[in-house]
Structure formats: structure tokens, C-alpha cells
Amino acid sequence: SLVAFHPKRNPTHCPTTDVGASCAHRVERACRTSAMDKYKLVKKERQPAPEGEIRVTAVGRVAAYVSYIAKLLVDEGKDKVEIKAQGNALAKAVTLAEVAKRRIKGLHQITKVGSSEIEDEYEPLEEGLDKVVTKRFTSVVEITLSKTALDTSALGYQAPLPEDQVKEVDLEELSRPRGRKGGGKGPSKGKGKGEKGKGDKGK
């Protein structure tokens, strides 16, 4: 059966001694970690994102996401896209929206920030133990980018950027990997100077 994990009610939890709140908290965390060593996390089957939804991860490349947004809005003529992220990917989602607005003209934006409950299930590695379910909350963000007007009275609405702040680029340029500018200039320049100096000395 599925049971909710609670360190003070779980039979594998070891009681803390009266050594102060801070120390007791550390002991409780150590006991909880020790108890969870007897379990393994059940991997969830990831559902594919609906068309027009971009799920941003902390390891994803902003340039790749921008290229995909441009493909949907410009190449395929979609009206809007939804950018979604949670946890440590929130900042990347905000950056993505700002970059996209500077690459595609006339994008209206609405940003919603909230929290979501995540449920993790653990299977026991030893016989006689029940499955464990833990629940946690994480921050989430949803950003709508639309070519048509959105509700301007909505909390989190942002009007399109002025056209002089938008630099449109084609899809091929967006998808092209960027190299470091001037990567080989330093060494070659230094080498040239050295050779010149040698020649001067020889003369």
C-alpha cells in the first residue's frame, strides 16, 4: 500500500535526544537519509509536451529553444507558444522569453508564477517495507508569447517591444552554433610580434 512519508511517524525513524532544536534537526535529517537508503525512486513516465508548449530544463540551450519558438511562430505560422519551467529552470525560462521577444517582432507576453505539488514514489529494497510517497512543492512559471493581443489587464502582461529593439534573424542563423569571437587572434598576434622581434635582433 502507498503511505505518506513522515519522519516522526515512520518506524525506521530514530528518536532524537534533547540536545537543542538545531542539533535535533540535524539528527532527524541524518536518520531520514539513513531510512531512505532502503528505498529507490520510481521513475515517472514523461508525457510528451503538447504542440506549442516548450518545457524548459536547466540543462537546455536557450538558442535551441529560441530556434524552436521561431519555427512555430514564424515558419509554421502558429499564433502563440507556452513556455513552462519549474525549480532551477525558472531563470532560464524568463531569459528565453526576453530573447525571443528580441528576435520576433510584436510578441505580447503574460507571465504567471506559482507553485506545484510534486509527488515522488519510492519502492523498498528490503522485504517487509511499504512503498513510500513523499510530497514537495516547487516554484513554477508559465509564460505565454502571442502574436495577437492578449488581455492587457491581466497581471503579468507585457506589451510587445518597440521594433527598434527587435533584431529579426532567420531560422538558419538561430540554429547555427555560435563560436567564440576572436578565438585565435590573441596567440597569432603574439606569435607575429615575437617573430618580428627576433628578426630585428638578428639584423
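In helix 2 of this predicted model, the residues Tyr-65, Val-66, Ser-67, Ile-69, Ala-70, Leu-72 and Leu-73 are buried, where buried means under 20% relative accessible area, exposed over 50% and partly exposed in between (1.4 Å probe, protein chains only). Helices (H or I, at least four residues) and strands (E, at least two) are DSSP runs, numbered from the N terminus. The 14 residues of helix 2 should span 20 Å at 1.5 Å a residue, and its end C-alpha atoms are 19 Å apart, which agrees; the expected span is 1.5 Å times one less than the number of residues. Helix 2 is followed by Gly-77, whose phi is positive, near 70°.

The largest nonpolar core has 22 residues, of which Ile-54, Val-56, Ile-69, Val-81, Ile-83, Leu-96 and Leu-145 touch the most other members. Such a core is a set of buried Ala, Val, Leu, Ile, Met, Phe, Trp, Tyr and Cys residues joined through side-chain atoms within 4.5 Å. Two or more residues each come from helix 2 (62-75), strand 4 (80-86), helix 3 (90-101) and strand 6 (131-146). Helix 2 gives the largest share, six residues. Beyond four places in sequence, Ile-69 is in contact (heavy atoms within 4.5 Å) with Ile-54, Val-81, Ile-83, Leu-96, Ala-100 and Ile-104.

The average pLDDT (the predictor's confidence in each residue, from 0 to 100) is 77, and 66% of the residues score at least 70. Over residues 181-188, pLDDT stays under 50, with zero contacts beyond four places in sequence. Where pLDDT is low, the predicted coordinates should not be read in detail.

Residues are numbered from 1 along each chain as its sequence is written, and side-chain values use heavy atoms, leaving out hydrogens and water. Local features need pLDDT of at least 70 and side-chain atom pairs count only at pLDDT 80 or more, whereas totals for chains, interfaces and linings use all residues.
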